[in-house]
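Here are a few friendly notes to read alongside the model. Please keep the structure open as you go through the points.

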Amino acid sequence: MRTLPEADPGTPDIRGALRYLWWNARRQATPLLTGIAFAVLWWLAQAFVPFILGKGVDAVTGKDTGALMTWSAVLLGLGLLQAFAGIMRHRYAVYNWLAAAYRTVQVTTRQATRLGATLPKRLSTGEVVSVGNSDIAHIGNAMDILLRGTGAVVAIATITIIMLSTSVELGLMVLIGVPLMAAAVGPLLRPLHKRQKHQRDLQGELSTRAADIVAGLRVLRGVGGEKVFADRYREESQSVRHAGVRVVRVESLLEGAQILLPGLLIAAVTMVGATFAVGGQITVGQLVAYYAYSVFLIAPMRTLIEAADKLTKGAVAAKRVIRILSIEPEVSGGTAGSLGGELRDLASGVRVREGELTALATSTTEQAIEIADRLGRYSDGRVLFGDTDLATLPIDEVRSRILVADNGARLFTGRLRDELGVRDADDSLIREALHAACADDIVEALPDGLEAQVAESGREFSGGQQQRLRLARALIADPEVLILVEPTSAVDAHSEARIAERLVKARAGKTTLICTTSPLVLDRTDHVIYVEDGSVLAEGTHRSLLAGSREYAMTVTRGED
């Protein structure tokens with residue numbers, strides 16, 4: 001992929017947005033220029049029709065049959081040329097629209113993958129989703145309008161030259177009138193730009209709110225919070241509606257200007273042309289041609305106003321895309337290598353022993369998450385992997401060798417087999433992982449088993465079922481180092497005990513860290529580390545810590561004797 005245009009890492013300005021549109025245009029230069037060529041040919045074929053009609057009328061008034069037949073044949077040829085050029089222009093317009101729109105999807109998806117855990121910290125879900133919902137359409141429209149807009153400029157220039165060659169006065173009217181109309185709509189574009197941006201920001205926030213409500217609907221029903229969030233959503237929805245109405249008010253003025261301004265110019269040209277025809281300065285055919293020119297000019301001039309509108313919307317959409325592309329990952333990697341070994345977090349003193357099942361118990365869940373993020377290189381921190389600083393390893397290598405599996409992971413839409421076997425695992429490995437995670441009963445209950453289709457976010461499964469399936473997926477990945485954050489927090493005690501026992505066998509001889517305060521799990525591990533206030537306070541076996549550390553005992557027994 002070619003280098004993207006440089007963007008301000010803060011709030012992108014309009015220049016950054018225009019650079020993105022220019023970058024997109026260069027990526028599809030050949031089809032774009034070909035489409036522009038067909039658009040110019042299409043407009044010119046229409047622009048010369050009034051001229052040919054005028055000649056035909058003069059042939060009729062002059063009773064010149066030969067000239068009439070000649071100009072009729074030319075008119076037929078222009079019609080065929082216009083039909084061919086119009087078909088090809090539309091074909092390339094659709095191609096350029098799709099190319100620009102889905103290239104935007106590609107670069108934003110690639111950037112989202114590159115950013116990983118950084119993206120949700122910097123942008124809301126709704127803001128990212130709105131790129132695929134609406135912004136790609138506006139960026140595609142910006143590429144599409146370049147074809148007709150360029151052709152419209154050429155058509156207006158051609159007609160102006162023809163009219164100047166016949167009547168300087170009428171030609172000057174068009175030559176001066178068109179720029180005046182463009183200047184007249186200029187003051188409408190800036191407020192339109194601001195209102196569209198405000199509306200898109202509100203839409204992004206509303207999309208985020210909707211995603212949060214849907215994701216937590218079960219919890220909301222449980223605590224009786226449906227009405228509160230429904231009222232809040234309704235209030236924000238009304239804000240989006242009011243912002244949309246303000247946008248439409250400006251757009252309605254633009255639409256009216258597309259009719260009023262060309263209409264005034266047509267009326268002026270027709271009136272002056274009729275005066276010249278009565279005075280004998282131009283022929284009847286030329287008068288008909290001038291009227292036809294004036295009527296025809298409505299289309300290219302409306303196209304120019306439409307171009308201003310769509311390019312403005314495209315620039316607003318591009319600013320959102322540039323904002324995503326300008327974000328840099330919070331962590332970066334190097335080029336060093338590591339033979340692996342013990343994983344050590346120097347800030348807290350946590351040591352994940354090689355080939356052992358280690359447990360990490362903390363006074364608060366947040367501490368465990370912070371340590372897991374540092375060990376998995378999702379946040380900065382001094383961590384050693386063997387004798388190598390984890391920060392010096394390539395990020396791709398870290399991700400392939402160290403897997404952090406927490407309860408924020410999601411199940412995606414698709415076949416259950418594909419969602420679990422992320423690395424093309426065979427059925428036997430999938431079955432073993434499902435058994436270790438006590439999730440085989442979930443699959444057996446499905447009519448199609450592993451072939452069953454998973455709905456969005458796995459919403460057909462309960463919280464405990466989702467947790468067990470996520471654990472199975474982590475076991476199937478079989479990383480060199482596996483870090484599990486509260487893997488049994490949503491299951492019952494019986495299932496938790498079985499999972500703890502089976503995890504020992506599934507990860508035998510492999511480096512594993514389980515962040516938990518469950519006594520059922522802690523009692524099955526080789527080594528337990530207790531962290532309080534960000535530092536290791538005690539370590540040993542579960543039973544020795546229960547006897548020797550009051551703080552540990554209070555944490556894992558919840559204050560019970």
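1. E496 sits in helix 16, which covers residues 493–506; helices here are DSSP runs (H or I, at least four residues), numbered from the N terminus. A word on the source: this is a predicted model, in which local features need pLDDT of at least 70 and side-chain atom pairs count only at pLDDT 80 or more, while totals for chains, interfaces and linings use all residues. Residues are numbered from 1 along each chain as its sequence is written, and side-chain values use heavy atoms, with hydrogens and water left out.

2. Is E496 buried or exposed? With a relative accessible area of 11%, E496 is buried (under 20% relative accessible area, 1.4 Å probe, protein chains only). Leaving aside residues up to four places away in sequence, E496 touches T488, V491, S518, L520 and V521 (contact means heavy atoms within 4.5 Å).

3. L471 belongs to helix 15, residues 463–477. L471 counts as buried because its relative accessibility is 4%. Not counting residues up to four places away in sequence, its contacts are A437, L484, P487, I499 and L503.

4. Now for a helix pair. Helix 2 (residues 29–61) packs with helix 3 (residues 65–115) at an angle of about 160°, their axes 8 Å apart (axes are lines fitted to C-alpha atoms over the stretch in contact, and angles run from 0 to 180 degrees between N-to-C directions). The two helices are therefore roughly antiparallel to each other (angles over 145 degrees). In the contact of helix 2 with helix 3, the residues divide into 25 nonpolar, seven polar and two charged (Ala, Val, Leu, Ile, Met, Phe, Trp, Tyr, Cys and Pro count as nonpolar, Asp, Glu, Lys and Arg as charged, and the others, Gly among them, as polar).

Terms used. Buried < 20%, exposed > 50% of the residue type's maximum accessible area, 1.4 Å probe, protein only. Parallel < 35°, antiparallel > 145°, perpendicular 65-115°, else oblique.
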